[in-house]
Amino acid sequence: MNTKLSLWIAAAVILAGVYVRYFTDWFAKKNIQIITLARPMTLRGAEPPAVYPVAFALDHKYELTRIKVTAESALKTNKLAPPVWFMTTDSNSAPVKAFTYGQPVPGMRLYNEKLAAMPLKPNEVYRVYVETDGRFGETNFVAVGPKIAPKGEQAPPIPASVSTQPAPIVVPKK
């Protein structure tokens, strides 16, 4: 009876180990979740930018070791396509929860000091890679810009339902 009981216990431990290994994420690499945001920002009277600034938000604060942005079209033909923006660190970087394309990230430097971030092209798909010790994240995003009429054509009119005047301030009477 002792050997039979020990065999059942051994089988249960093995099955529990197989279950934990293949059906849970206890031993899986944790991925970094990335949210991309294109923020329309134009100064009054200034020429609108070709592409709005792109911000990246992370699910937690991370001490990043590498940030790389590559054009998706270049990756289709070459898995080792040159990045349009590549930042790395020599030591510990400051924990960050968000950063903006082409802007300095605390504790990080450009991989090649001679190559600054290249301007993004409108309506092109890019892939951002983010890496830290033991964690990795990637996502695709589209560089968007204002809808500008081509030269010689007129921009589409503002719909009548959209008011260009500021809304009046109404103070309730007491």
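In this predicted model, one aromatic cluster is formed by Phe56, Trp85, Phe99, Tyr101, Tyr126 and Phe141. Searching the whole structure turns up eight aromatic pairs.

**A tilted pair**
- Tyr129 and Phe136 have ring centres 6.2 Å apart and planes at 40°, so this pair is tilted.
- Tyr129 is buried, because its relative accessible area of 17% is under 20%.
- Phe136 has a relative accessible area of 33%, so this residue counts as partly exposed.

**A lysine over two rings**
- Lys68 lies over the face of Tyr129, 5.4 Å from the ring centre.
- The charged end of Lys68 also sits over the ring of Phe86, at 5.7 Å from its centre.

**The largest nonpolar core**
- This core holds 26 residues, and the ones that touch the most other members are Leu64, Trp85, Phe99 and Leu120.
- Two or more residues come from each of strand 2 (54-62), strand 3 (66-71), strand 4 (85-88), strand 5 (96-100) and strand 7 (125-132).
- Strand 2 is the element that gives the most, with four residues.

**A look around Leu120**
- Which residues is Leu120 in contact with, leaving aside its neighbours within four places in sequence?
- They are Val51, Val54, Val84, Tyr101, Tyr126, Phe141 and Ala143.

How values were computed
Residues are numbered from 1 along each chain as its sequence is written. This is a predicted model: local features need pLDDT of at least 70, side-chain atom pairs count only at pLDDT 80 or more; totals for chains, interfaces and linings use all residues. Side-chain values use heavy atoms; hydrogens and water are left out. A nonpolar core is a set of buried Ala, Val, Leu, Ile, Met, Phe, Trp, Tyr and Cys residues joined through side-chain atoms within 4.5 Å. Buried means under 20% relative accessible area, exposed over 50%, partly exposed in between (1.4 Å probe, protein chains only). Contact means heavy atoms within 4.5 Å. Rings of Phe, Tyr and Trp (its six-membered ring) pair if their centres lie within 6.5 Å; planes under 30 degrees apart count as stacked, over 60 as edge-to-face and the rest as tilted. A charge sits over a ring if NZ of Lys or CZ of Arg is within 6 Å of the ring centre and within 35 degrees of the ring normal.
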